[in-house]
Each structure stands twice: as C-alpha cells, then as structure tokens.
Amino acid sequence: MDEFASDTDSDYTSYWRDWFISSRGNEYFCEIDEDYLTDRFNLTGLNTEVQYYQYALDLVTDVFDMEVDDDMREQIEKAARHLYGLVHARYIVTTRGLAKMMEKYKQGVFGKCPRVICESQHLLPMGQHDVPNCSNVKLYCAKCEDIYNPKSSRHNSIDGAYFGTSFHNILFQVYPALMPQKTQRRYEPRIYGFRVHASAALMRWQEERREEMKERLRGRGMETTFEREDDGDESVESEEEEGEQEQEGIDDMFEGQMQAVQ
C-alpha cells in the first residue's frame, strides 16, 4: 500500500502542469512554457504574494520531492494553483502566450456572447482588477464591448487577476484581423408592431451621439470599426418617420376615445 501511494505521488508530481490544465474548470488557462517558469525575472515580486512560494514553485516546475503530511500538501497545492494563476497573467501577454490564447479564442473555448445581436461572437476572459481576490473572471465581447459572467460555476470561481485587465485589448492589438466589426443594430421595443415612443426617442438620441463620435474619429483619420451600414441610413430614416406618424396616429386615436368617454 505504501509503495502504491509513493508511485502515485511521484506520477502526480511529475505531471503537475498537465494535470492542472486538463482539470475540469481550468479550460480558460493555457500551458505556461517551462522556460518561462524557470526564468526568475518573470517571477519578480511573486515571492511576497504566494505562501510557501518556493515549495509551490517546485511543485509547478515538477521538482518537488519533499515528504509532507496531507494538510501541508494541501496548502502547498493551493499555493501552487495561485502561483500558476499569477504567472499566467504575465505569460499570456507575451508572444507565445498570446498565440496560445488566440487559438483558444478561435476555437470558442471561452464561450460565445449571449447577446442575440452579436450572433455568437466568441468571448475572451478578462479581469476587472490586476490585484488578486478582488473579483472573479469575466468574459469580454469585442462586438458589443460588454462583459458577462461565465455560465459555469467552476469558471465563475476563477480569480480575474489570473488574466488581468489588459490581455484582451493587447490580443486585438497584436491580431487586428480578429477584431470583429461592431454593429449599429439595436433591439427596438414594440407594442403590436409600433415602436415605444420613449424608447424610440432615446435610440434616436444615442444614434445622433454615435454619428457625432464617428465623424470626430473620421476627422482624425481613425477607423470606427463599425459595420458599413450607412447605405441603409435613408431607409432607416424613412422607417423612423413612418414610426413617428404611426405614433401620432395612435395618440390621436387615444385622445379621441378619451373625449368620447368624457
């Protein structure tokens, strides 16, 4: 029995990173190269952030061979997971790390945007803070530029600092071809086919502000990254005029009914 336990510990220690990456709930992580992990420069400052730092590093780099009791082993294991996450946040903004995360993004490993108008746009993990234990990981959609909670409770418990606040923006800077075109389409609330007047007015105001912003960007020679929907502006304006006429007709109808009642 002791011999079996010893062999199990040995195998477990020798393949810690493989075990960690393949564990359920860790799909968002990519494997960090051993050369990166063994370069002390890349680990600067982490010794004050992680308890049992040296033991945790030995475990992550597959050189831990110390006999410890179960309680101590559990604490070192927890420290190793935390250390890996902190190093991961630094690694994924390197050339190799970005390439690995880009492949996961293209495969849709991080999920798809729940917003219907985004048409299943792939998401990217991100943190709202670079300091650990502040908030859990969120998922960023580059099409609607909004963030969402992961669907799985296993993913929802991952610390957002393990991905950082800059990774998703850096990835699109390095791989601009992956940046989706932003859409101007919005959901329009309607009642029996007629647009709700207050919401329609708000949407017109938002569209006017968006057009002003686009003109300022064009004036500075910057891309707006919005879909080319200008060709349909005239039809949209005519629809708005029709909607206003319909709304006025409905208002007149209600006024007439109120006068009849009185």
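A residue is called buried when its relative accessible area is under 20%, exposed when that area is over 50%, and partly exposed in between, as computed with a 1.4 Å probe on protein chains only. Arg-209, with a relative accessible area of 29%, is therefore partly exposed. The model is predicted, so local features need a pLDDT of at least 70 and side-chain atom pairs count only at pLDDT 80 or more, while totals for chains, interfaces and linings use all residues. Residues are numbered from 1 along each chain as its sequence is written, and side-chain values use heavy atoms, with hydrogens and water left out.

Arg-209 forms a salt bridge with Glu-212, their closest N and O atoms being 2.8 Å apart. The term denotes a side-chain nitrogen of Lys or Arg within 4 Å of a carboxyl oxygen of Asp or Glu. Both residues belong to helix H9 (residues 197–219), where they are three residues apart, about one turn of the helix. Helices here are DSSP runs (H or I, at least four residues), as are strands (E, at least two), numbered from the N terminus. An α-helix has 3.6 residues a turn, so residues three or four places apart point the same way. Glu-212 is partly exposed, at a relative accessible area of 38%.

Glu-215 is partly exposed at 48% relative accessibility, and Arg-218 is partly exposed with a relative accessible area of 38%.

In total, the structure holds 12 salt bridges. One of them brings together the side chains of Asp-33 and Lys-100, at 2.9 Å from N to O. Because Asp-33 lies in the loop between H2 and H3 and Lys-100 in helix H6, this pair ties together parts that are 67 residues apart in sequence. Asp-33 is partly exposed at 22% relative accessibility, and Lys-100 is partly exposed with a relative accessible area of 22%. Elsewhere, salt bridges link Arg-17, Glu-34 and Asp-62 in a network.

The aromatic residues provide further links. Rings of Phe, Tyr and Trp (its six-membered ring) pair if their centres lie within 6.5 Å; planes under 30 degrees apart count as stacked, over 60 as edge-to-face and the rest as tilted. The structure holds 13 aromatic pairs. In one of them, the rings of Tyr-28 and Phe-110 have centres 5.6 Å apart and planes at 70°, so the pair is edge-to-face. This pair links distant parts of the chain, 82 residues apart: Tyr-28 is in the loop between helix H2 (16–22) and helix H3 (34–38), and Phe-110 in the loop between helix H6 (95–107) and strand S1 (123–126). Tyr-28 and Phe-110 are both buried.

Phe-29 forms a tilted aromatic pair with Tyr-162, with 6.1 Å centre to centre and 50° between the planes. Here, too, distant parts of the chain are linked, 133 residues apart: Phe-29 is in the loop between H2 and H3, and Tyr-162 in the loop between helix H7 (153–156) and helix H8 (167–174). Phe-29 and Tyr-162 are both buried. One aromatic cluster is formed by Trp-16, Trp-19, Phe-20, Tyr-28, Phe-29, Tyr-84, Phe-110, Tyr-162 and Phe-163.
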